Amino acid sequence: MTVHILRKLFTKMIHINNYVLFVSSGLMIALSTILIVTVEDETFPTYFDGFWWVMTTVTTVGYGDFYPITVAGRLIAIVLYVLGIGLIGVVIGKVVDGFASFHKKRREGDIVYKEKGHYIIIGWSQKANFAVKEMMDTEENVEIVIIDDLNEAPILKDNIHYIKGNASQQETLLKANVKAAKAVLIFADDKLQGDELIDGKTLLIASSIESIAPNVYTIVEVMEEVHINNFKHIKVDEFIVSNEAISSLAVRSAFMNGISNIYGQLLSRSFGDDVFHVPLRNDWNTYREAFDALLQEGATLIADRGELNINRRLDDQLPDDAKLFVICDQSTYQKITAKEV
């Protein structure tokens with residue numbers, strides 16, 4: 001009879017609201033600590049001693065360094081044996097289940113990302129995989145959110161998150177907190193047949209992003225350059241033309257042997273020099289002053305934003321909103337940026 005009652009009691013505990021369960025556990029531990037110290041002040045001289053005994057009892061550790069010797073103290077212990085151990089067991093089970101459920105949801109992409117300053121990659125492919133690796137090489141702790149309709153996350157790390165869903169739907173984009181993202185990269189869906197269909201899907205996704213996050217920096221991969229005109233009614237910051245880029249590089253390599261190695265160095269951080277953005281300095285008034293100062297530090301100034309004609313504008317005034325890019329190695333760049341701190 002008693003076992004049946006206890007079984008029904010513990011079954012009801014499992015279905016209790018988590019908040020009520022945790023509060024009840026805390027109150028039981030606190031009340032038991034106060035009671036045991038009050039009843040047996042000589043055996044438990046401090047509240048910490050009482051708390052220690054309560055915790056070792058309800059977690060079934062039972063070191064035996066403290067134990068009640070009076071009838072009242074032992075009655076408190078019996079109550080803890082019957083109710084406390086069961087209640088704490090349910091709490092521990094809830095915590096374990098919570099961690100397991102959280103991991104399962106992360107793996108299946110059923111999460112809501114709430115942080116800011118992250119990068120969103122839409123469309124998983126081999127290209128996206130390379131992009132993630134490149135981003136990790138650029139900034140080890142970069143926060144990345146991947147959006148796709150895969151059943152499980154293609155990559156799952158502390159700083160890499162996955163959201164399953166249709167990227168053209170606002171609900172999915174809001175789960176990725178697109179409004180607070182630093183940039184969004186939309187990769188062409190290679191699983192579709194036909195460049196028009198692929199770029200059409202990309203256009204739909206870009207339109208959805210524009211409607212809810214018009215200020216986020218957006219980079220879009222298109223299959224054909226002629227399709228860029230279809231994006232003119234929405235704000236896309238940069239286009240990467242997939243087919244033309246590969247063909248152009250192949251042709252340039254054929255006419256100018258070895259030029260692909262130069263592109264490879266500039267596009268990858270794994271070897272050679274790289275392109276870096278350097279902040280403006282107060283003592284730079286012209287491009288020449290910036291060019292000469294950076295050259296002495298081992299870097300070559302090549303561009304202001306998308307303008308590559310710095311060598312013909314050396315005596316022009318340096319605008320306040322200039323965004324300068326240099327070519328150098330990682331160690332040189334670290335030395336340059338260290339001077340800005």
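A: The side chains of Lys127 and Asp190 meet in a salt bridge, with 3.4 Å from N to O; the term stands for a side-chain nitrogen of Lys or Arg within 4 Å of a carboxyl oxygen of Asp or Glu. The model is predicted, so local features need pLDDT of at least 70 and side-chain atom pairs count only at pLDDT 80 or more, while totals for chains, interfaces and linings use all residues. Residues are numbered from 1 along each chain as its sequence is written, and side-chain values use heavy atoms, with hydrogens and water left out.

Lys127 belongs to helix α5 (residues 126-138) and Asp190 to the loop between β4 (183-186) and α7 (195-212), so the pair links distant parts of the chain, 63 residues apart. Helices (H or I, at least four residues) and strands (E, at least two) are DSSP runs, numbered from the N terminus. Lys127 is partly exposed at a relative accessible area of 29%, and Asp190 is also partly exposed, at 44%; buried means under 20%, exposed over 50%, and partly exposed in between (1.4 Å probe, protein chains only).

A second salt bridge joins the side chains of Arg281 and Glu297, at 2.8 Å from N to O. Arg281 lies in the loop between β7 and α10 and Glu297 in the loop between α10 and β8, so this pair ties together parts that are 16 residues apart in sequence. Arg281 counts as buried, with 16% relative accessibility, whereas Glu297 is partly exposed at 22%.

Asp316 forms a salt bridge with Arg313, where the closest N and O atoms are 3.6 Å apart. Asp316 is partly exposed, with a relative accessible area of 36%. Salt bridges with shared partners join Lys127, Asp190 and Glu221 into one network. The count of salt bridges comes to ten.

The strands β7 and β8 that flank the loops of Arg281 and Glu297 belong to an open sheet of three strands, in the order β7-β9-β8 with antiparallel pairing. Two strands pair if DSSP finds at least two bridges between them. The edge strands are β7 (274-278) and β8 (300-304), each pairing on one side only. Five bridges join β7 to β9 (residues 324-328), and Asp274 has Cys328 in β9 as its bridge partner. Helix α10 (residues 287-296) packs on this sheet and touches β7, β8 and β9, contact meaning heavy atoms within 4.5 Å.

Definitions and conventions
Axes are lines fitted to C-alpha atoms, for helices over the stretch in contact, and angles run from 0 to 180 degrees between N-to-C directions.
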